[in-house]
Amino acid sequence: MTFNWSEVKHFSESEFRPKNYSGELDMSLGFVLKLDLFRSQVGSPMHVHNNGGYAVSGHSENSLHYDGLAADLHITEAVGPRDVIEQALLAYKWTFLSIGIYPYWNRPGLHLDDRSAIGKEKVVWFRDDLGKYHYYSYNRFYQCLRDLILYMESDSKMSKDV
Ligand SMILES: [Zn+2]
């Protein structure tokens, strides 16, 4: 499929290009248009992280980033980054993408990917403070959020007790 970035309202090609990579940028147009629509609906800026669009290295094996079907980003509002729980709720409301929630990134945000475009089951997950992944089927999104909130509450209690 030919990718015409002029069809994309809110994102530019450079945001999806790895640093120092001048090869072909094999992003899925369908996926980027879904992100673009999400961006329009939410109405606040989204920042794709370094190496968080199309990637040739630096992600887990079989990562959807290598297929141009994933983005790592965070959503801001006028006063600064949005709470990561709110970001996840927005993504769940407005996209039908798989959602990874990363509260412990330097800039807490989301991994969004279109794995169903290649026949894989949609999932949601969060990565905890120790780097462990907690996966849920897509229809258990709210269970995932609940567990994450409980995890973050106990996590902050633990660090305060020290
Ligand atoms: Zn990612």
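**View A. The hairpin of β6 and β7 has five residues between the strands, and G131 in this hairpin takes a positive phi near 85°.** The model is a predicted one, in which local features need pLDDT of at least 70 and side-chain atom pairs count only at pLDDT 80 or more, while totals for chains, interfaces and linings use all residues. Residues are numbered from 1 along each chain as its sequence is written. Helices (H or I, at least four residues) and strands (E, at least two) are DSSP runs numbered from the N terminus. Strand β7 (residues 133-137) runs antiparallel to β6 and is joined to it by five bridges, two strands being paired if DSSP finds at least two bridges between them. H134 in β7 is the bridge partner of F126.

**View B. Strand β6 (residues 123-127) has side chains that alternate between two faces.** Strand β4 (residues 98-102) pairs with β6 in the parallel sense over three bridges, and F126 is the bridge partner of I101.

**View C. The buried residues of α1 include F31, V32, L35 and F38.** These residues cover an arc of only 115° around the axis, which puts them on the same side of α1, the arc being that of the directions from the helix axis to the C-beta atoms. The face turned away from the buried side of α1 carries the exposed residues S40 and Q41. With 14 residues, α1 reaches 20 Å from its first C-alpha to its last, close to the 20 Å expected at 1.5 Å a residue, where the expected span is 1.5 Å times one less than the number of residues. G43, whose phi is positive, near 75°, follows α1.

**View D. The largest nonpolar core has 29 residues, and L35 is among those that touch the most other members.** Such a core is a set of buried Ala, Val, Leu, Ile, Met, Phe, Trp, Tyr and Cys residues joined through C-beta atoms within 7 Å. A88, A91, I99, I101, L110 and L112 are listed together with L35 as touching the most other members. At least two residues of this core come from each of α1 (29-42), β2 (70-77), α2 (84-94), β4, β5 (109-113), β6 and α3 (141-161). The buried residues of α1 pack against β2, α2 and β5, and L35 itself touches F11, A71 and L112, not counting residues up to four places away in sequence; a contact requires C-beta atoms, placed from the backbone, within 7 Å.

**View E. F16 lies in the segment before α1.** F16 counts as buried because it has 24 C-beta neighbours inside 10 Å. When residues up to four places away in sequence are left out, F16 touches L25, M27, V48, G53 and Y54. The C-alpha atoms of F16 and R39, which are 23 residues apart along the chain, are separated by 15 Å.

Note on methods: Buried ≥ 20, exposed ≤ 12 C-beta atoms within 10 Å, placed from the backbone. Contact = placed C-beta atoms within 7 Å.
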